[in-house]
Amino acid sequence: MSTSPSLLSHALAILKNYPDAENLYVAYSGGMDSHVLLNLLVNNQEYINSKIIAVHVNHGLSKESSLWAKHCSDLCEKLEVKYIEIDVDAAAPKGESQEEWSRKLRYDALKKLLNTGDILYTAHHKDDLAETLLLQLFRGAGPAGLSAIPEYIKFGKGWHIRPFLNITRNELSEIANKFNHSWIIDDSNSDERFDRNYLRHKIMPVINARWPGILKTLSRSARIQTEVTELIEELAKIDLDCCMNLTNNTLNQSCIKNLSDSRSLNLIRYWLKTLEQRSPSSAILRQILIDIVHSGPDASPCIKWDDVEIRRYRDMIFLTQNLPSMSQLDNEIRWDPDNECKLKYGKIITRSAVGMGISIHKIDGKELSIRYRDGHEEIKLGGHHHTLKNIFQEKGIPPCFRDLIPLIYMGTTLVEIAGLCINEDFQAKPDELTLQVVWNRAEEVYAMKYIN
């Protein structure tokens, strides 16, 4: 069947900007909007170089969820398009908005699907953009929030594209009726306990009656805010380039302190965005400015939100996931070097080498263990015994990580501080077979390369 030429041409024109996309994922709820989007793309597949894949995220919040998933699966079978269903437990924790929590889980799940250059298409339209803009305004959002819904944005390893932002809900409804398939009607979309539904059913009709062109006006406002956001981010990128410690991926405190408070806050927001972190509230950002950026040289500040924490050590500001406490660590772990050893903070693996590492001859057949420091350890280097405290200070290890670094023991002798140094009595000779200890902390640290 044919569809609106302008709608089709716009959707395909966007795709032409991404010629290397192997997969085109369509977020397919089964509702009217995504129904139009999927049918539009499938019926014009000859113009699309990418493989079309429909993805249905089952939140499990409705008793109809399984029926909706089956409906989506059956329709994809008729359309001969690949179908993926992702089940998530979207029940929001206490204090979280169910609407926002479900959205977060949905996008987290979709993001994991995309490989480099892949595309996610969603069916957000002009009404969605207007509703989002107003909701963000009611929440006191700044330019980034008021830019509402961008037409395209980097998304994980790929891109997220919304080709319908110039189309109204009524226009999509007219197109949907031309297809010979039914779509899902979710009763929860009428539940006015949710902010968006209340705005859609109670507020927008009144606004539209008074200002008939309001959708176009709000779209223009959103575009202006997008341009403002782009300018602000360009400034933030300039500041980040100046204030980033490239050797260890941290921010330089002294550099940031030379900026105005407004630019400092803008830089921190942008930095967190580059780390794919949700920006904290304005109150927390202000606290970061006061307690982290403007803290004294002897302070060891830490501010936590969500599942991350931001800290400063010496002149370096860095972000990590929430770190385990000493009480969460095992006192002692018997260690078999032939097997991976999972820890509360990362894991220990080994590899064979020659000349670099622990002498296999020195530890062969001996009982080895992994422990953590208690404040009295020493290790022999250069003919002398050195305390761990001095070694950590010399190497610039932040205090928050010192208790988490695995220590390799043979009996009561400290053989290696993982990733840092080896007891000289156990260091292999140049032509000797060795065991290299590798402490992997993948995804534990966002912006820190202290320990290599």
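This is a predicted model: local features need pLDDT of at least 70, side-chain atom pairs count only at pLDDT 80 or more; totals for chains, interfaces and linings use all residues.

Q: OK, and how many bridges do E14 and E22 pair over?
A: There are 8 bridges between E14 (residues 347-354) and E22 (residues 433-440), in the antiparallel sense.

Q: What's the strand order in that open sheet?
A: The order is E13-E14-E22-E15, 4 strands with antiparallel pairing. E13 (341-342) and E15 (358-359) are the edge strands, each with a single partner, so one side of each has no neighbour in the sheet.

Q: Switching to E12: which residues are on its covered face, and which on its uncovered one?
A: Ile333 and Trp335 are on the covered face of E12 (residues 332-335), while Glu332 and Arg334 are on the uncovered face.

Q: What does Ile333 stand opposite in E16?
A: Ile370. E12 and E16 (residues 368-371) run antiparallel and are joined by 4 bridges.

Q: And what does Ile370 touch, leaving out residues up to four places away in sequence?
A: Its contacts include Ile333, Trp335, Cys341, Leu343, Ile348 and Leu407.

Q: Now the largest nonpolar core: which residues touch the most other members?
A: Trp335, Leu343, Ile348, Ile370, Phe401 and Ile417, out of 40 residues in that core. Strand E19 (residues 407-410) gives the most to this core, with 4 residues.

Q: Which residues are in the other core, the one lying apart from it?
A: That core has 34 residues, among them Val26, Ile167, Leu172 and Ala176.

How values were computed: Residues are numbered from 1 along each chain as its sequence is written. Side-chain values use heavy atoms; hydrogens and water are left out. A nonpolar core is a set of buried Ala, Val, Leu, Ile, Met, Phe, Trp, Tyr and Cys residues joined through side-chain atoms within 4.5 Å. Buried means under 20% relative accessible area, exposed over 50%, partly exposed in between (1.4 Å probe, protein chains only). Helices (H or I, at least four residues) and strands (E, at least two) are DSSP runs, numbered from the N terminus. Contact means heavy atoms within 4.5 Å. Two strands pair if DSSP finds at least two bridges between them.
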